[in-house]
Amino acid sequence: MNENSNKIKKIPILSYLCCLLAVSVLFTGVTFSRYSSSTSGDVASSLVPYIASYEIDNISATNFPNTAFWLSSEENKAVGTPRTVRYVMRNFEEGENGVQRINALDLQGSIRLYVPAELAQNLALQVEQVQEGATGTAVTPQYVLADLFKLKDGGTWETVKSRDYSALASEDEQLTVTGSLHEGSGSLVAQAKDEDGQGNTVTVSAFSQTVQYSVGFQRGVPTGMGSTGGAGTLLTDLQPQLFIDLEKETDYYAIDITLPEEMRFTGGAAQERTFVLYITLTEAIPQQDSDFNIEWNETDGYLQTPAAGGSVMQFSGAKVLGYHFDVKAQTYTLEGTDRKTSTTVRVTKSYGIDEAGNQYTGTASLSFSHVAPISEGAVNYVHPIENFYADMSGTEASAPADIDEAQSLYGICTNLNGTAGAYYISFSGVPDNPHHAVYGESDEKYQMSVSLSKSYPTRLTAIFVQASQSPVTGAEGEVSV
């Protein structure tokens, strides 16, 4: 981790590995574009120390293939696979010599998942507690959210009646649902109470927000039929998809799962618990009105920098912000030796838009990211490349203004900078035109056909509250993508 990341981990109330995020909502392809961190809530107290932290420890995958979980309604033959997110929650702060400070209050932990509504309606969630050297134990049943959404005006939610999407063995629950959820507003609270008046709680709150997301198009070499791209194009030598970057107001859900009462963190005693969140896509997202299977049309002009004063282009009712795609780039050791291996670089071109958000300014900016695992065995993540060098002796350079200037530069991404495993990434030959295999090509080797995937920003948050408080008002930390 770089110097700035280490500073982030020292925030008093929350510490976490901000590069390792829970979930990115993708139906195919990996399109993490950025990561950031923030905290909210009361982070200071003059009476008692309030210490809580979490970190995302591992994630099985960062995408969902857009297919129903079961092959057919008659056969329980799974074609889907749950995505798992392993995370650790603590009520203490570690120092160089071990535990440094311990929270003085009893804390209740919750998980909050922010996802677009069109995905949330097709998810099943379940939480497992994992202990070192022991088999994991499910602490919730599998919550099939479609069954909760059917109770949009309240009622009784019986998890035993939900279809089993390869759930972990657990006790089923009968939850009392209150509240109302209509047309992207309102909230539902589902509470399961045992004979002692304790039990899990699931809360779903609806809201709308303006978000940036991407739609990916198949990219490759045309076989001859429909050779100009678009309708009827058959492609071979398939390349990473071309993503059109977009922005529009979108319906979202915030889904809270409050952990069981016995999972509380006792004040004054250092405690650490590891959980795994299972996220299952139960049904394929319908292609109608979901930006799938849209034919590429080169005349739409999405790949040309718009002229100044031109109205902002639209794609399915969204503003077109630019595009991005992945390419291979050669790597070198810090001593200047060819590593004989390439790495993946994401090329992003963003179009300038005026403050009113209605017209283009006639400018375009170029940025690069490194697409690679943060650690051995991890899935790929996207890290900004912000450190540029004029040569492999370490002569610093400014960020390139255009692709011509980039050709002679080298970069080190934020995740590699200052680490023992750092290496240079060469931009020589890296194109900014998705039609080209390498910089400077005159012919358009690659074409686009139809849209295959969609990527939305999502967040997973761990929330800690004083045991008598509501999770909605607790202090939280979050990692955004």
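Author: Phe 64, Pro 65, Thr 67, Gly 80, Thr 81, Arg 83, Thr 280 and Leu 281 line the largest cavity. Here a cavity is a set of points, on a 1 Å grid over the protein atoms alone, where a 1.4 Å probe fits but cannot get out; lining residues have an atom within 4 Å of a point. Rolling a probe the size of a water molecule over the atoms shows where empty space is left.

This is a predicted model: local features need pLDDT of at least 70, side-chain atom pairs count only at pLDDT 80 or more, and totals for chains, interfaces and linings use all residues. Residues are numbered from 1 along each chain as its sequence is written, and side-chain values use heavy atoms, with hydrogens and water left out.

By class, the lining has three nonpolar, four polar and one charged residues. Ala, Val, Leu, Ile, Met, Phe, Trp, Tyr, Cys and Pro count as nonpolar; Asp, Glu, Lys and Arg count as charged; the others, Gly among them, are polar.

The volume of this largest cavity is about 50 Å³. A volume is the space filled by probe spheres set on the points, and grid points are joined across faces, edges and corners. The count comes to four cavities of 30 Å³ or more.

Now the loop with Gly 184. Gly 184 sits between strand S12 (174-182) and strand S13 (185-192). Strands are DSSP runs (E, at least two residues), numbered from the N terminus. Gly 184 and Phe 207 are 23 residues apart in sequence, yet 5.8 Å apart in space, C-alpha to C-alpha.

Methods:
On a 1 Å grid over the protein atoms alone, a cavity is a set of points where a 1.4 Å probe fits but cannot get out, and a pocket is an open set with protein on both sides within 12 Å along at least five of seven lines; lining residues have an atom within 4 Å of a point. Helices (H or I, at least four residues) and strands (E, at least two) are DSSP runs, numbered from the N terminus.
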